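Dear colleague,

Please find below the structure I am handing over to you.

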Amino acid sequence: MTDIPRVALLLGLAGLIPFVWGALTVLNPALQGWGVRTIGPRFVGPYVMLFYGAIILSFMSGVLWGFATKAEGQVAATGYALSVIPALWAFFMTGGGPVWAGTSLIAGFVGLLGLDWLFARQGLAPAWWMPLRLLLTAIVVICLAVGVLA
């Protein structure tokens with residue numbers, strides 16, 4: 001297994017901040033109150049996780065599209081088609097209230113992990129991709145679950 005490049009790891013971990021912050025403000029009402037007063041209600045609790053989660057699923061569609069550009073023929077065509085699924089999932093599945101949206105995002109991130117695996121298996125993602133995606137996805141799913149179950 002190849003080591004995850006330091007910059008990729010650090011930026012990936014930094015990308016978890018809105019999820020972790022959202023989960024912490026769900027679990028700590030005093031912190032949530034401070035966050036509402038300081039940065040606004042959209043940036044605390046489940047709301048920050050839901051908005052940001054939809055953005056990240058869309059971002060990951062772009063990453064998968066980039067992986068598909070490394071392929072040719074039918075593999076490329078399938079890769080392009082599959083790469084749009086996370087963005088479409090975020091667009092169509094995050095309405096209906098915070099519990100439904102959070103549950104849908106959890107399913108979206110788990111599904112994305114399956115797509116990551118497929119692209120990695122085809123040699124389109126770097127060798128370090130799956131260890132990074134497993135780590136990040138586990139933390140994202142745990143944080144979203146806090147929002148759904150709280």
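In this predicted model, helix H7 (residues 98-121) packs with helix H8 (residues 129-149) at an angle of about 170 degrees, and their axes are 9 Å apart. Because angles over 145 degrees count as roughly antiparallel, H7 is roughly antiparallel to H8. On the H7 side, the residues in contact include Val99, Leu105, Ile106, Phe109, Leu113 and Trp117; among their counterparts in H8 are Trp129, Met130, Leu134, Val140, Val141 and Leu144. The residues of this contact between H7 and H8 divide into 17 nonpolar, 3 polar and 2 charged.

H8 also packs with helix H1 (residues 6-14), here at an angle of about 15 degrees and with the axes 10 Å apart. H1 is therefore roughly parallel to H8, and the crossing of the two helices is right-handed. Ala8, Leu9, Gly12 and Leu13 of H1 meet Leu132, Leu135 and Leu136 of H8. The residues of the contact of H1 with H8 comprise 6 nonpolar, 1 polar and no charged.

What does Phe109 touch, leaving aside residues up to four places away in sequence? Its contacts are Phe19, Gly53, Ile56, Leu57, Thr137, Val140, Val141 and Leu144.

Yours sincerely

Conventions:
Residues numbered from 1 in each chain as written. Predicted model: local features only at pLDDT ≥ 70, side-chain atom pairs only at ≥ 80, totals over all residues. Heavy atoms only, no water. Axes fitted to C-alpha atoms, helices over the stretch in contact; angles between N-to-C directions. Helix = DSSP H or I, 4+ residues; strand = E, 2+ residues; numbered from the N terminus. Parallel < 35°, antiparallel > 145°, perpendicular 65-115°, else oblique. Contact = heavy atoms within 4.5 Å. Nonpolar A, V, L, I, M, F, W, Y, C, P; charged D, E, K, R; others polar. Left-handed = near helix turned anticlockwise from the far one by under 90°.
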